[in-house]
Amino acid sequence: LAYAATNDQPYVPIGRWLLEQGLVRDASWPGIKAWIAQNAQRLQELIWRNPRIEELVAREIEAWRPDICHVHHLTCLSTGIIDVAKDRGVACVMTLHDFWMFCPRGQRIDPQLSVCETIDRAKCVKCLSTMWPHFFAPRTSALAFLGAGAPDPGTGALMAWDDQVHRVLNRCDLLITPSEFHRERCLEFDLPEDRLAILRQRRLDLALRRDRHGQRVGRDRKS
C-alpha cells in the first residue's frame, strides 16, 4: 500500500468520504470546516483511521484468503486494518517495532529530545501541536483555524486514540516486541501479557556487507 496517485488506486478526498458516510451534505471547504467545528473530537481520528485503506485491505484479504495477517506498522495506514482481518476470521499478529501505538511521534521523545518516561496526555497535546498543528492545535490556534466557538480538542482526542489502540491490540492473537524493555513499556498500557512475546531482532553482520565496488565494509569476523 502506498500513498494515493502512486499505487494505481483512485484518490478519495475527505470531502467525498464525508458525503459517502452521510456526515455532510456540503463537501466544500466551508462545509468541511463546519463539520470539523461540530466534531472536533473526530478530527484527530483521521490520523489513525483511513476507511479507504481498510477497503483495500479487505479486498486483498477476500481475494487471497490468508490464514494469518502479520502487521508490521499501521503508521499512515489505519488501525482498522486489524478489525478488517479479525472480522473475516483471519488470525492477526502484530510486531510493535516502536512506540507509535502509544505515542503519535513514535519514539516517546519530545521535540527537545527528552525521553518521556511516563505518558502525560496534557503534555502530549503541546508536543504534537508542533508536529500536526491542524490536528493538535493549542486552543488559540484552534480558534484561529475553526473560528470562535470551536470546542477545545484538549486531551479528549488522545483519550479516544488510547481507547482505539487498546481495543485493536487486544484483538490481536499475538503481539511481538524486540526486547524486554520494549515489552515492559507495552505492558504499561494494559496489554494482554500472555500474548506479548519477545522476538529479538538479528544484529546486522557488517562482515557480510559490501560497498558498490564489491569491497567488504566493517571488520572481518576473524579480526
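User: Is Arg167 buried, partly exposed or exposed, by its relative accessibility? Please describe its surroundings as well.

Analyst: Arg167 counts as partly exposed, at 37% relative accessibility. Here buried means under 20% relative accessible area, exposed means over 50%, and partly exposed lies in between, with a 1.4 Å probe and protein chains only. This is a predicted model, in which local features need pLDDT of at least 70 and side-chain atom pairs count only at pLDDT 80 or more, while totals for chains, interfaces and linings use all residues. Residues are numbered from 1 along each chain as its sequence is written, and side-chain values use heavy atoms, with hydrogens and water left out.

The side chain of Arg167 meets that of Asp83 in a salt bridge, at 2.6 Å from N to O. The term denotes a side-chain nitrogen of Lys or Arg within 4 Å of a carboxyl oxygen of Asp or Glu. Arg167 belongs to helix H9 (residues 156-171) and Asp83 to helix H6 (residues 80-87), so their pairing ties together parts that are 84 residues apart in sequence. Helices (H or I, at least four residues) are DSSP runs, numbered from the N terminus. Asp83 is buried, its relative accessible area being 12%.

Asp83 also forms a salt bridge with Arg171, at 2.9 Å from N to O. Because Asp83 lies in helix H6 and Arg171 in helix H9, this pair ties together parts that are 88 residues apart in sequence. Arg171 is partly exposed, with a relative accessible area of 27%. Through shared partners, salt bridges join Asp83, Asp87, Arg167 and Arg171 into one network. In total, the structure holds ten salt bridges.

Helix H9 also meets helix H7 (residues 121-128): their axes come within 9 Å and cross at roughly 110°. Axes are lines fitted to C-alpha atoms, for helices over the stretch in contact, and angles run from 0 to 180 degrees between N-to-C directions. On the H7 side, the contact (heavy atoms within 4.5 Å) is made by Arg121, Cys124, Val125 and Leu128; H9 contributes Leu158, Met159, Trp161 and Asp162. The residues of this contact divide into six nonpolar, no polar and two charged. In this scheme Ala, Val, Leu, Ile, Met, Phe, Trp, Tyr, Cys and Pro count as nonpolar, Asp, Glu, Lys and Arg as charged, and the others, Gly among them, as polar.

Terms used:
Helices (H or I, at least four residues) and strands (E, at least two) are DSSP runs, numbered from the N terminus.
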